[in-house]
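Okay, thanks for coming, everyone.

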Amino acid sequence: MSKAVLEKLKSKFGAAVLETHSDFGDDTALVTAQSWKSVCEYLHGDPSLDFDMLVDLCGVDYPARLPRMEVVAHLYSTTRHHRVRLKARVGDEEMEDAQIDSVTSVWSGADWFEREVYDMSGVTFRGHPDLRRILMYPEFQGHPLLKDYPAQKTQPLVEYRTEAEAGVPLGKQAPFHDDEGMSFGRVDWLHADNEGEEGSAAAPKGVVSSVKPSPHVNGNGASENHLAQQDPQQNQKPDQKGVS
């Protein structure tokens, strides 16, 4: 049935459908960026197609090819039980003019997907209601999923926001306790100082942590209750063991 979808697309949009294939069972149509939204509206609105579910939307970078960025949508019909993959290509070598129409008016779930592609791959979605970063912080420079993004690039550190600025509590939230999970502290590795007092390792300078040691956890991370259940002979010092 999905192959019939490809035939309907070619019949409806003609030259705007650049190519189709069904490699490995994935029925796929590559369309022009200009027809992207119109094709999506058709796939969603035609009762015989009824693609009512946007499963995923992502960006795939091909830096040696022009247009460079491929915007990919995976669609499914919960009533017709068929699926199709839709692609369009945008952007030059420097990702200039990497723009395509938003499809949030077709599937409201496209909102966060498009923000992720904007954030990580640098595609601008025209008409998006709230196009801003969703994974990286606002001051982050560049787009990490571009294949020419430097793997060792050091991003500028920014001041921590207060709770009033963040709008949410900065400490651990339920169901997590203070001794659970990661500290989410920030380490300024360029100015880290691991020299602790009395030969012990101290937290590097620049670390901000909300974690407090649990009174029920010892320095090795084992609970006191767990230690109490172990063989008492294992907890004795060598000079305390009896000599037979």
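Let me start with a question: is Glu 7 buried, partly exposed or exposed? Glu 7 is partly exposed, because its relative accessibility comes out at 47%. Before I go further, remember that this is a predicted model.

So, staying with Glu 7, who's the partner? Glu 7 makes a salt bridge with Lys 10, and the closest N and O atoms are 3.2 Å apart. Both of them sit in helix α1, which covers residues 2-13, and they are 3 residues apart, about one turn of the helix. Lys 10 has a relative accessibility of 34%, so that one counts as partly exposed as well. As background for the pairs I'm showing, side chains of opposite charge can pair when their charged atoms come close.

Now a pair with a longer reach. Asp 46 forms a salt bridge with Lys 8, with 3.8 Å between the closest N and O atoms. This one links distant parts of the chain: Lys 8 is in helix α1, Asp 46 is in the loop between α2 (36-45) and β3, and they are 38 residues apart. Asp 46 is buried, because its relative accessible area is 17% and the cut-off for buried is under 20%. Lys 8, at 30%, is partly exposed.

Next, have a look at Arg 133. Arg 133 forms a salt bridge with Asp 119, and here the closest N and O atoms are 2.4 Å apart.

Okay, on to the backbone. Most residues other than glycine have a negative phi, and most peptide bonds are trans. Which spots here go the other way? Phe 24 isn't a glycine, yet its phi is positive, about 55°. You'll find Phe 24 in the loop between β1 (17-21) and β2 (28-31), and it counts as exposed because its relative accessibility is 86%.

His 81 is another non-glycine with a positive phi, about 60°. His 81 sits in the loop between β4 and β5 (83-90), and at 58% relative accessibility it is exposed. Then there's a cis peptide bond, from Leu 66 to Pro 67, with omega near -10°. Pro 67 is in the loop between β3 (53-61) and β4 (69-76).

One more residue, and it's a serine. Ser 77 is in the loop between β4 and β5, and it counts as buried because its relative accessibility is 0%. What does its side chain reach? The Ser 77 side chain comes to 2.8 Å from the backbone oxygen of Asp 50, and a polar atom of that side chain is 3.5 Å from the backbone oxygen of Leu 49. Beyond its neighbours within four places in sequence, Ser 77 also has contacts that include Phe 51, Asp 52 and His 82.

Last, the overall picture. The protein has 6 helices and 7 strands, and buried residues make up 29% of its 244 residues.

Terms used:
Residues numbered from 1 in each chain as written. Predicted model: local features only at pLDDT ≥ 70, side-chain atom pairs only at ≥ 80, totals over all residues. Heavy atoms only, no water. Helix = DSSP H or I, 4+ residues; strand = E, 2+ residues; numbered from the N terminus. Buried < 20%, exposed > 50% of the residue type's maximum accessible area, 1.4 Å probe, protein only. Polar contact = N/O pair within 3.5 Å; in protein donor to acceptor, adjacent residues only side chain to side chain. Contact = heavy atoms within 4.5 Å. Salt bridge = Lys/Arg side-chain N within 4 Å of Asp/Glu carboxyl O.
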